[in-house]
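Visitor: I'd like a walk around this chain, starting with the whole thing and then going residue by residue. Could you take me through it?

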Amino acid sequence: MNTRDLEPIITQQYILQMRPVFNKDALFSDGSKYYRIPMEPEVGDEVKIRFRTIRNNVDSVYLIHDGRITEMQVEKTEKGFDYYAGKITMGEEVCRYYFKVHTGQLTCYYNSQGVCLEPQEENAFVIRPGFKTPDWAKGAVFYQIYVDRFCNGDPTNDVETREYAYIGDYSVRVEDWNKLPAMMGVREFYGGDLQGIIDKLDYLQDLGVEVLYLNPIFVSPSNHKYDCQDYDYVDPHYGKIVNDGGECLHEGDRENIRATKYIQRVTNRENLEASNQLFIQLVEAVHARGMKIILDGVFNHCGSFNKWMDRERIYEGQENYPKGAYISSDSPYRSYFKFFDESRWPYNPTYDGWWAFDTLPKLNYENSPELYQYILDIGRKWVSPPYNVDGWRLDVAADLGYSNKFNHQFWKDFRKAVKTANPEAIILAEHYGDSRGWLAGDEWDTIMNYDAFMEPVTWFLTGMEKHSDEYRHDLLGNSDAFIGAMKVHMANFHTGSLQTAMNELSNHDHSRFLTRTNRKVGRVQHLGHHAAEEGINPAVMREAVVLQMTWPGAPTVYYGDEAGLCGFTDPDNRRSYPWGNENHELLDFHKTMIEIHKKYEVLRSGSLLFLQNGYQTLTYSRFSFEEQVIVSINNDEQEHEIEIPVWKSGITRFYNVELKQLLRTTNQGFEKDTAVYTAVAGYLQVKLPPYSALVLYHKDDVL
């Protein structure tokens with residue numbers, strides 16, 4: 001066989017992989033502030049775009065954008081890398097760009113997914129001029145509080161047993177703070193409130209928290225409060241009851257029109273205003289500590305107790321409250337809801353409920369300009385004086401309205417209302433799946449990060465689905481699947497949205513991460529409460545926290561995770577915070593990792609690059625031009641020795657480099673000693689004990 005016979009198989013792919021003179025692993029760019037200046041430009045700004053190669057390794061680099069191609073020039077050479085630069089002037093439209101690289105007879109491209117042989121414009125980097133997310137939220141440490149289960153600071157406002165009836169039974173005042181939640185626990189109240197949060201601000205600040213995210217706090221009959229009764233007021237059971245009275249229901253009576261104690265507590269203006277005033281005190285105390293606070297907005301649906309609907313006849317006959325839409329067809333709120341039978345008044349039960357739940361009436365924005373404007377005003381109200389909250393988390397935000405087109409128009413208007421009132425307020429939505437349609441710069445700032453954080457992390461480290469509903473051995477320790485998922489889903493974010501995305505391991509809708517480490521499939525009703533605590537692996541939890549605190553985004557701790565709380569999915573994930581029974585080692589570990597996250601700017605804004613991966617092992621770097629953090633994880637029960645090409649993160653290959661250990665976890669615990677590791681010619685050899693994580697740091701003294 002002669003050379004000519006080989007020509008058909010000598011493809012560019014073969015050259016790309018095998019040609020020794022071309023180092024494709026050195027090619028790099030991203031949307032960070034180091035490779036895009038400014039990172040979040042305005043219309044008319046000139047943006048510098050950078051691209052990295054090995055020094056003298058390529059012939060030319062071209063910046064391709066908006067149908068134009070511009071040859072880039074070497075801007076600087078550092079530590080064996082050439083940094084090419086090109087400029088783009090921002091117009092009013094979205095800018096998409098990628099890179100074309102020539103070396104010898106080889107041409108390749110570089111986009112958000114890395115090196116490829118075709119342009120793949122669908123994977124181009126994207127800039128949306130004028131889209132800016134709040135700087136305070138980029139990489140900020142959030143703490144999610146399910147208020148009823150965090151701390152009871154004022155027992156006088158506790159919900160009483162039989163104070164009212166909801167979903168077929170009575171409200172229950174839980175006397176034992178450590179009681180495990182009942183299966184139908186929506187009516188159980190442990191007494192957590194705003195005063196409890198105020199009382200624990202020292203604890204939260206000592207933990208290192210920067211932003212509080214509160215599950216809903218507005219008037220509502222449930223402990224989760226996703227069934228809002230009055231958007232204008234904090235629930236007095238969370239706030240202040242200064243004018244009490246009335247009676248609880250008698251045994252056997254479930255008609256809430258006779259629940260006079262509840263009616264007095266939640267409709268009396270003195271109680272409502274006093275509760276809002278207490279909330280103002282909380283916000284001021286939070287801000288005085290340099291912290292932020294955001295609220296949960298549930299605008300797709302309200303609750304059957306809502307004053308606009310009033311199915312429970314709470315407001316019927318109350319002074320200064322118009323009739324609800326359930327009560328009368330003449331209600332001023334009639335258009336707020338969709339009714340299917342116009343002949344059923346008074347007391348018409350035929351309204352549309354979200355997912356057919358009659359306790360969750362869906363709001364009918366399309367047919368009610370008054371409702372539309374009212375909710376825009378609510379969005380504006382709470383981010384404005386005197387409340388001054390720092391943003392909204394939006395519940396089931398993609399479900400609002402009856403069409404996708406209408407949904408987008410509403411969130412565009414909501415953004416204008418909120419940002420006009422408080423330009424630094426964040427708009428963060430709950431959404432599963434591709435959010436690009438809402439992250440176009442004129443609706444949401446960012447999302448709860450399921451696709452590009454919680455789910456890939458859970459599958460990789462535990463093999464479990466986030467509800468503990470499924471175990472997949474093929475995904476446990478599958479670093480290729482992890483990297484693939486992260487690359488695809490992270491590319492759906494603009495950099496500002498990614499850096500502010502809520503990166504959670506657990507929350508109120510899913511099982512606790514520590515429980516997932518036991519790999520038990522099921523829910524509390526099938527397995528029981530105690531199964532959630534059996535066979536857990538705290539070492540895997542530590543690996544997850546290391547990953548959480550070193551990954552792009554806003555690491556968000558669900559209350560009690562730091563103290564070792566377990567639990568299957570709702571309602572078991574809503575156990576009370578274990579004051580006095582904390583897992584102090586895990587608590588100290590969270591403090592340490594949060595401190596590391598906050599100390600090193602590169603963990604908030606740095607680039608991300610995968611350096612090594614194998615079965616159960618993963619190494620990546622967060623880096624800038626000056627500093628690098630290297631994170632290695634071994635999720636296996638066996639020790640692994642790995643070689644890490646740290647040069648890819650910008651560490652020089654021309655002499656030995658020392659990296660300082662910031663933290664190492666093992667199966668037994670964690671250590672913070674300042675051990676030193678030496679990289680030789682850009683490579684680092686490390687031994688990773690079973691179920692361990694290693695965090696290393698390097699900073700150049702001279703650029």
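This is a predicted model: local features need pLDDT of at least 70, side-chain atom pairs count only at pLDDT 80 or more; totals for chains, interfaces and linings use all residues.

Visitor: How many helices and strands does the chain have?
Guide: Helices here are DSSP runs of H or I with at least four residues, strands are runs of E with at least two, and both are numbered from the N terminus. Counted that way, the chain comes to 16 helices and 33 strands.

Visitor: What is the radius of gyration of the chain, and what would a compact globule have?
Guide: The radius is taken over C-alpha atoms, and the globule rule is 2.2 Å times the number of residues to the power 0.38. For 703 residues that rule gives a value near 27 Å, and the chain agrees with it, at 28 Å.

Visitor: What box do the C-alpha atoms fill?
Guide: Picture the box laid along the principal axes. The C-alpha atoms of the chain fill roughly 95 × 55 × 55 Å.

Visitor: How much of the chain is buried?
Guide: Buried means under 20% relative accessible area, exposed means over 50%, and partly exposed is in between (1.4 Å probe, protein chains only). Of the 703 residues, the buried share is 62%.

Visitor: Among contacts between residues at least 6 apart in sequence, what share joins residues at least 24 apart?
Guide: A contact means heavy atoms within 4.5 Å. Within that set of contacts in the chain, the share is 70%.

Visitor: How far apart are the centres of the positive and negative side chains?
Guide: Lys and Arg count as positive, Asp and Glu as negative, while His and the chain ends are not counted. Each charge is placed at NZ of Lys, CZ of Arg, CG of Asp or CD of Glu. There are 73 positive and 102 negative side chains, and the centres of the two sets are apart by 3 Å.

Visitor: Is Ala356, with its positive phi, buried or exposed?
Guide: Most residues other than glycine have a negative phi. For Ala356, phi is near 70°, and the residue is found in the loop between S19 and H7. Its relative accessible area is 72%, so Ala356 is exposed.

Visitor: What is phi of Ala681?
Guide: Ala681 is in the loop between strand S31 (676-679) and strand S32 (684-688). At a relative accessible area of 39%, Ala681 is partly exposed. Its phi is positive, near 55°.

Visitor: Which side chain makes a polar contact with the side chain of His287?
Guide: His287 lies in helix H6 (residues 269-288) and is partly exposed, at 31% relative accessibility. Leaving aside neighbours within four places in sequence, His287 is in contact with Lys292, Ile293, Asn388 and Asp390. A polar contact is a pair of N or O atoms within 3.5 Å; within protein, one must be able to donate a hydrogen and the other to accept it, and residues adjacent in sequence count only if both atoms are side-chain atoms. At 2.7 Å, the partner is Asp390.

Visitor: Where is Arg265, and which side chain makes a polar contact with its side chain?
Guide: Arg265 is in helix H5 (residues 260-267), and its relative accessible area of 1% means that Arg265 is buried. Beyond neighbours within four places in sequence, its contacts include Glu160, Glu163 and His237. The polar contact, at 3.1 Å, is with Asp244.

Visitor: What is the relative accessible area of Phe568?
Guide: Phe568 is in the loop between strand S24 (554-558) and helix H15 (584-599). Setting aside neighbours within four places in sequence, Phe568 is in contact with residues including Arg523, Val524 and Leu527. Phe568 is buried, with a value of 0%.

Visitor: What separates the C-alpha atoms of Cys108 and His526?
Guide: Cys108 is in strand S8 (residues 106-111) and counts as buried, at 1% relative accessibility. Along the chain, Cys108 and His526 are 418 residues apart. Their C-alpha atoms are separated by 54 Å.

Note on methods: Residues are numbered from 1 along each chain as its sequence is written. Side-chain values use heavy atoms; hydrogens and water are left out.
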